Amino acid sequence: MQSKILKPKVLDGINAEAQIIAYALIETGCRPSEIANLLPENICLDAEVPYIRIRPTAKRELKSMASARDIPLIGVSLEAMKCAPDGFPRYRDKGNSLSAALLKTFHTRGLMPSKKHRIYSFRHAFEKRMQEAGLDYGLRCTLMGHKNTRPQYGDGGSLEYRRKEMLKIAHPVSDGFTQGLANLAP
């Protein structure tokens, strides 16, 4: 991630929405379609703890009840979402188009560890990083939108708690990278 994907300008040449979505995936653990389908009211950048709300819409169901969740924005994902406070109209309800565009770019530029890796691999890497950092199993389930077979007590922790735990796995973001993202903003 650090040596290839989080370098300034590595995704230059593909449209701004696809670039922003790719970066938003890295620190959220979201499915690509969950980011692509975010509505403006579910992007909460002005909150004390900036976060996104993954919710069903009239046109779109979620994979499961557990998929509805609030995810703090940290690191590269926070910087990316600042560039798209209104979401991603180009890719709304077009997850296959998004995945195809990103996958082609990532493979052509040698940004994936192998030909078997997909854009969805960001999600798997996020969970692995949480596991290796010792984040609580229940919190990992909450952030990933996975059903937890344990009895549910509480709401999975405050956004502040979630952010504090997620910061344990955040990738450092360089000023050059942040400046490059700022150029993508509408």
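These legends accompany several close-up views of a predicted model.

**View 1. The whole protein chain, before we zoom in.**
Let's start with the overall layout: the protein chain has eight helices and three strands. Read from the N terminus, the elements follow the order α-α-β-β-β-α-α-α-α-α-α. Of the 186 residues in the protein chain, 46% are buried. The accessible surface amounts to about 9600 Å², and carbon and sulfur atoms account for 52% of that surface. If you count contacts between residues at least 6 apart in sequence, 64% of them join residues at least 24 apart.

**View 2. Helix α1 packed against helix α3.**
Here you can follow helix α1 (residues 16-26) alongside helix α3 (residues 75-82); their axes come within 7 Å and cross at roughly 150 degrees. Because an angle over 145 degrees counts as roughly antiparallel, α1 is roughly antiparallel to α3. The crossing of α1 past α3 is left-handed. The contact between α1 and α3 is made up of eight nonpolar residues, one polar residue and no charged residues. On the α1 side, look for I20, Y23, A24, L25 and I26, which meet V76, S77, A80 and M81 of α3.

**View 3. The surroundings of helix α3.**
Staying with α3, this view shows how covered the helix is: six of its eight residues are buried. They are V76, S77, L78, E79, A80 and M81. Which elements do the buried residues of α3 pack against? Their partners are α1, β1, β2 (51-54) and α8 (175-182).

Is K82 buried or partly exposed? With a relative accessible area of 45%, K82 is partly exposed, since the partly exposed class lies between the buried limit of 20% and the exposed limit of 50%. K82 and I20 are 62 residues apart along the chain, and their C-alpha atoms are separated by 9.3 Å. I20 is one of the α1 residues that meet α3.

**View 4. Helix α1 packed against helix α5.**
Now for another partner of α1: helix α5 (residues 121-132), whose axis comes within 8 Å of the α1 axis and crosses it at roughly 25 degrees. Because angles under 35 degrees count as roughly parallel, α1 and α5 are roughly parallel to each other. By class, the residues in this contact are five nonpolar, no polar and one charged. A22, L25 and I26 of α1 meet F122, F126 and R129 of α5. L25 and I26 are also among the α1 residues that meet α3.

**View 5. N42, a buried loop residue.**
N42 sits in the loop between α2 (32-36) and β1 (43-44). Is N42 buried or exposed? Its relative accessible area is 7%, so N42 is buried. Leaving aside residues up to four places away in sequence, N42 touches Y51, I52, R53 and R55.

**View 6. D93, a loop residue with a positive phi.**
We finish at D93, in the loop between α3 and α4 (95-108). The phi of D93 is near 65 degrees, a positive value in a residue other than glycine. D93 has 47% relative accessibility and therefore counts as partly exposed.

Conventions
Residues numbered from 1 in each chain as written. Predicted model: local features only at pLDDT ≥ 70, side-chain atom pairs only at ≥ 80, totals over all residues. Heavy atoms only, no water. Helix = DSSP H or I, 4+ residues; strand = E, 2+ residues; numbered from the N terminus. Buried < 20%, exposed > 50% of the residue type's maximum accessible area, 1.4 Å probe, protein only. Contact = heavy atoms within 4.5 Å. Areas by Shrake-Rupley, 256 points an atom, 1.4 Å probe, with all protein chains shown as cover. Axes fitted to C-alpha atoms, helices over the stretch in contact; angles between N-to-C directions. Parallel < 35°, antiparallel > 145°, perpendicular 65-115°, else oblique. Left-handed = near helix turned anticlockwise from the far one by under 90°. Nonpolar A, V, L, I, M, F, W, Y, C, P; charged D, E, K, R; others polar.
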